[in-house]
Structures are given as structure tokens and as C-alpha cells.
Amino acid sequence: MSSVYKDILDSKAKNEKLLAVLIDPDKFSLGNASSFIEKVNQSIATHVFIGGSIVSEGETDELVSKIKKHTNLPIVLFPGDISQITNKADALLFLSLISGRNPDYLIGKHVEAVSKLKSTRLEIISTGYILIESGKETAIEKVTNTKPIARKNIQKIVDSSIAGQHLGMKLMYLEAGSGATEPISVDIINNVKQELNIPLIVGGGIRSKAELENAFNAGADIVVIGTALELDESFFDALKKDKI
Ligand SMILES: CC(C)=CCC/C(C)=C/CC/C(C)=C/CC/C(C)=C/COP(=O)(O)OP(=O)(O)O
Ligand SMILES: O=P(O)(O)OC[C@@H](O)CO
Ligand SMILES: [Mg+2]
């Protein structure tokens with residue numbers, strides 16, 4: 001088995017929690033890359049995720065090349081579209097938006113991606129992606145023309161996760177949306193965790209160490225933080241390696 005996924009499984013088995021810093025190529029200045037990545041290196045982050053809902057062609061490739069020079073952390077593509085696939089990363093979350101009913105984001109983009117993936121050595125990790133209502137319309141909703149699952153409909157969120165697992169998905173990602181006002185609730189994470197065996201990723205709207213720990217304690221194996229670090233790099237101070 002290739003190493004990024006195997007390492008996630010090993011960490012889960014040891015109950016070692018993982019933190020992914022999400023960098024959005026569209027919102028990130030290349031000039032700031034080395035100083036930002038240095039902060040990532042000194043933090044408890046274990047992965048760098050790269051992606052955005054809307055990213056211009058070629059931007060991801062350039063960004064990944066630059067980041068690779070400054071870190072040994074695994075670089076995982078978290079693509080909103082096929083144009084975000086680059087051979088320079090280590091792995092790709094092959095996302096299927098199973099909260100929605102848009103065939104393009106369930107299977108269409110994936111079929112289109114195959115020829116591009118043939119010329120890469122990316123580790124492809126099948127990932128169920130579940131968008132959950134978080135109070136305001138997200139970029140993901142607009143781009144995919146789908147509706148999120150209502151946050152009170154916990155049974156549907158759990159059943160969607162388990163259906164994804166039955167389909168053979170290797171990771172499950174509960175998404176509140178970039179910059180969400182409210183992160184995914186502890187109640188939702190708890191309920192999914194009780195039934196799911198594959199590793200669970202949680203992201204969207206996490207802005208403090210307390211919220212990060214809440215998500216971990218509720219059962220997230222990997223937490224993703226993007227916007228809060230994008231807007232305020234001093235948040236890295238609370239995430240330094242020796243602080244937790
Ligand atoms: C199979 C391939 C290669 C592509 C399919 C991709 C699918 C199904 C994507 C799911 C839907 C989607 C648009 C996901 C975006 C994921 C992502 C990187 C979200 C973070 O971006 P945001 O931070 O929300 O976006 P902005 O900050 O750009 O608004
Ligand atoms: O940008 P934030 O709100 O941290 O969200 C991270 C990620 O889950 C968004 O796709
Ligand atoms: Mg964003």
C-alpha cells in the first residue's frame with residue numbers, strides 16, 4: 001500500500017491525531033510561501049492540503065513546486081476541479097460529493113480525470129465528501145450546484161458516511177465549508193464516529209485550539225484548517241509543536 005494512506009491508518013490505530021493545513025492557491029501569495037511553510041513546519045501540522053473551489057489553471061502546479069522546497073510534510077491535493085491535479089504533489093483526495101446529487105461531482109469529473117492521472121504518480125485516495133449546512137451558502141454549494149445536508153439531520157449524515165464506506169471509500173470528510181461560521185458540531189462527529197471504521201476528516205470554520213481539540217475529542221482523525229491561518233498567522237503560535 002502507498003504511504004500517505006498507510007500512515008493515516010497507522011496514526012488512527014495509535015490514536016495519534018493529524019492536522020492538515022489547507023492552502024488555497026487562489027488566496028495565497030507565492031512570495032509568502034517560505035515564511036508561511038516555516039510556521040507550518042514548526043507547528044503540530046502533519047499534512048499540507050492544497051485546493052480551492054475556484055482556482056486558475058496552472059496555479060496549483062506552481063504553488064506545490066514552491067512548497068515542496070520548504071517542507072517534508074506530505075502534500076495532498078484537495079481539488080475542486082481537474083485543473084488542480086499536479087504530478088508534483090504526493091497524493092490526491094479523489095473526492096466524490098456524496099451529500100449532493102450532481103452526477104458531475106459524484107462520478108463525472110472522476111471519469112474526466114483518468115487520462116490526466118495516468119501521467120502522474122499520485123497516490124489516489126478515494127474520499128467521500130459530505131457538505132453539511134453551516135448557516136450561510138458556501139462556495140462549494142455554488143460551484144457544485146448542490147445543497148448541503150441539514151445539520152440537524154444527523155441520521156442522514158451518518159447513513160451517507162456509511163454508504164460511502166460500503167462503496168469502498170477510504171476516507172470520509174465532513175465539510176462545513178471554508179470560513180464557515182460554525183464548525184461541524186461535536187454531536188455530528190460523535191455520531192458518525194460511532195459507526196464509521198475508515199478515518200474521519202473534519203474541516204470548515206475551525207478557528208481556535210479549543211475548536212481543534214473539540215473535533216479531535218469527538219472523533220476526528222484529521223482536522224483541516226485553512227481560512228483561520230490564511231487570515232491570521234499568529235494562530236500558529238497556539239499550534240506550536242511543544243504547546244500540545
Ligand atoms: C475528481 C476530481 C479531480 C475532481 C472532483 C472534485 C470534486 C468532486 C469536488 C467536490 C466539490 C468541491 C468544489 C470541492 C472543493 C474542495 C475545496 C478545496 C474546498 C476548499 O475550498 P474553499 O476554501 O471552500 O474555496 P474558496 O476559499 O476558494 O471559496
Ligand atoms: O478554510 P476553513 O474554514 O478552515 O475550512 C477548511 C476546509 O474544510 C475547507 O474546505
Ligand atoms: Mg478557502
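**Contacts, burial and ligand shells**

Student: Which residues does G177 touch, leaving out those up to four places away in sequence?

Tutor: L131, S134, T138, I140 and G204. Touching, or contact, means that two C-beta atoms, placed from the backbone, lie within 7 Å. This is a predicted model: local features need pLDDT of at least 70, side-chain atom pairs count only at pLDDT 80 or more, and totals for chains, interfaces and linings use all residues. Residues are numbered from 1 along each chain as its sequence is written, while chains are lettered from A and ligands numbered from 1 in the order in which they are written.

Student: Why does G177 count as buried?

Tutor: G177 has 26 C-beta neighbours inside 10 Å. Buried takes 20 or more other C-beta atoms within 10 Å, exposed 12 or fewer, and partly exposed lies in between. Therefore G177 is buried.

Student: Where is G177, and where is A176?

Tutor: G177 lies in the loop between β6 and α7. A176 is in the loop between β6 (171–175) and α7 (186–195). Helices (H or I, at least four residues) and strands (E, at least two) are DSSP runs, numbered from the N terminus. A176 also counts as buried because it has 26 C-beta neighbours inside 10 Å. Among the residues that A176 touches are I132, E182, G204 and G205.

Student: What does the record say about A176 and G177?

Tutor: The unreviewed UniProt entry covers both with a "binding site" annotation, whose positions also include S178, G204 and T227. Such annotations may be inferred rather than shown by experiment.

Student: UniProt also lists D24 and S53 under "binding site". How do you know that they gather at one spot?

Tutor: They span 30 residues in sequence, yet no two of their C-alpha atoms are more than 8.6 Å apart, so they gather at one spot.

Student: Are D24 and S53 buried or partly exposed?

Tutor: D24 is buried, because 23 other C-beta atoms lie within 10 Å. S53 has 18, so S53 is partly exposed. D24 sits in the loop between β1 (18–23) and α2 (33–41) and touches G51, G52, G226 and E230. S53 is in the loop between β2 (47–50) and α3 (59–68). Beyond four places in sequence, S53 contacts G80, A139, I140 and V143.

Student: What makes a residue part of the shell around ligand 1, and which come nearest?

Tutor: The C-beta atom, placed from the backbone, must lie within 6 Å of the molecule. Of the 28 residues around ligand 1, G51, S53, G80, A139 and S178 come nearest. β4 (91–97), α4 (103–118) and α5 (139–144) give two or more residues each.

Student: Which residues come nearest to ligand 2?

Tutor: S178, G203, G204, G226 and T227, out of 14 residues around ligand 2. β8 (222–225) and α9 (227–231) give two or more residues each.

Student: How many helices and strands does the chain have?

Tutor: Ten helices and eight strands.

Student: What makes the chain as compact as a globular protein of that length?

Tutor: Its radius of gyration is 17 Å, close to the 18 Å that the globule rule gives for 244 residues, so it is as compact as a globular protein of that length. The radius is taken over C-alpha atoms, and the rule is 2.2 Å times the number of residues to the power 0.38. Of the 244 residues, 41% count as buried.
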